[in-house]
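Please open the model and keep it in view. Here are my notes, point by point.

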Amino acid sequence: MSLRAASVKPSFKEQMLAAREEAIIQAVNRLLAEKGFDAMTVDEVAADVGIAKASLYKHFQSKEELAAAAMVRVMQRAEEFLAAVDAQLVPLDKLKVVVRWMLETLLAGQMPTLPSQNSSLRAVLLANRDYIDALMRISDTLGRWIESAQADGSVNSRLPAVAVLYTLYARACDPVVEFLKAGGQHSDAEIVELVMCTCFEGLNSRG
């Protein structure tokens, strides 16, 4: 690649399209967090961004593709966060840092809420190479930390590592967070600590 080719900047039109696509993804992320996939409509997304529905379809052809794009963005953010985790932390503390980030992201209304069962959305996600690749990389990283934590005795070694992984993933859509938030008796910070406690220490009394 020549120096001239490398220095070519996107055209104004390309920049505008990229900015619009980013605004669409942010709107989808927010609506998915607030309402969930089933309740969100394409009309709402277009209205939130301030564009015609036809213009939105130039970027994404269906509600499923919109949700997939939001999930890819969350995966990218998660990978960036994992890369920044202090390598000097012991494995269990690395896992705690990640779960805390999940909970804080959920409470901030930035974690998309997707249905556990939706064949059309599932098909779109499984066909999205960026999503699958990111999911595998994140799972591999967390899987290594889980196995290391099991090896040093800080996580129950009798549990299959994949069961621990899915338990941690579930905190990203934990309904307990919503229930506690709706109750109005706890601050966001307190909710994070309560869920962290039940996740990593369980319900057994230590006294």
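1. Which residues does isoleucine 24 touch, not counting residues up to four places away in sequence? Isoleucine 24 touches Val45, Val49, Ile51, Leu56, His59, Phe60 and Leu66. Contact here means heavy atoms within 4.5 Å.

2. A word on the source. This is a predicted model, where local features need pLDDT of at least 70, side-chain atom pairs count only at pLDDT 80 or more, and totals for chains, interfaces and linings use all residues. Residues are numbered from 1 along each chain as its sequence is written, and side-chain values use heavy atoms, with hydrogens and water left out.

3. The largest nonpolar core has 55 residues. Such a core is a set of buried Ala, Val, Leu, Ile, Met, Phe, Trp, Tyr and Cys residues joined through side-chain atoms within 4.5 Å. Buried means under 20% relative accessible area, exposed over 50%, partly exposed in between (1.4 Å probe, protein chains only). Ile24, Val28, Val45, Leu56, Leu66 and Leu142 touch the most other members. Helix H5 gives the most to this core, with 11 residues.

4. Now helix H8, residues 129–151. Helices (H or I, at least four residues) are DSSP runs, numbered from the N terminus. The buried residues of H8 include Leu142, Trp145 and Ile146. Helices H5, H6, H7 and H9 are among what covers the buried residues of H8. Glycine 153 follows H8, and its phi is positive, near 90°.

5. Leucine 89 sits in the loop between H5 and H6. Leucine 89 is partly exposed, at 27% relative accessible area. Leucine 89 touches Lys94 and Val97, not counting residues up to four places away in sequence.

Definitions and conventions:
Helices (H or I, at least four residues) and strands (E, at least two) are DSSP runs, numbered from the N terminus. The expected span of a helix is 1.5 Å times one less than its number of residues.
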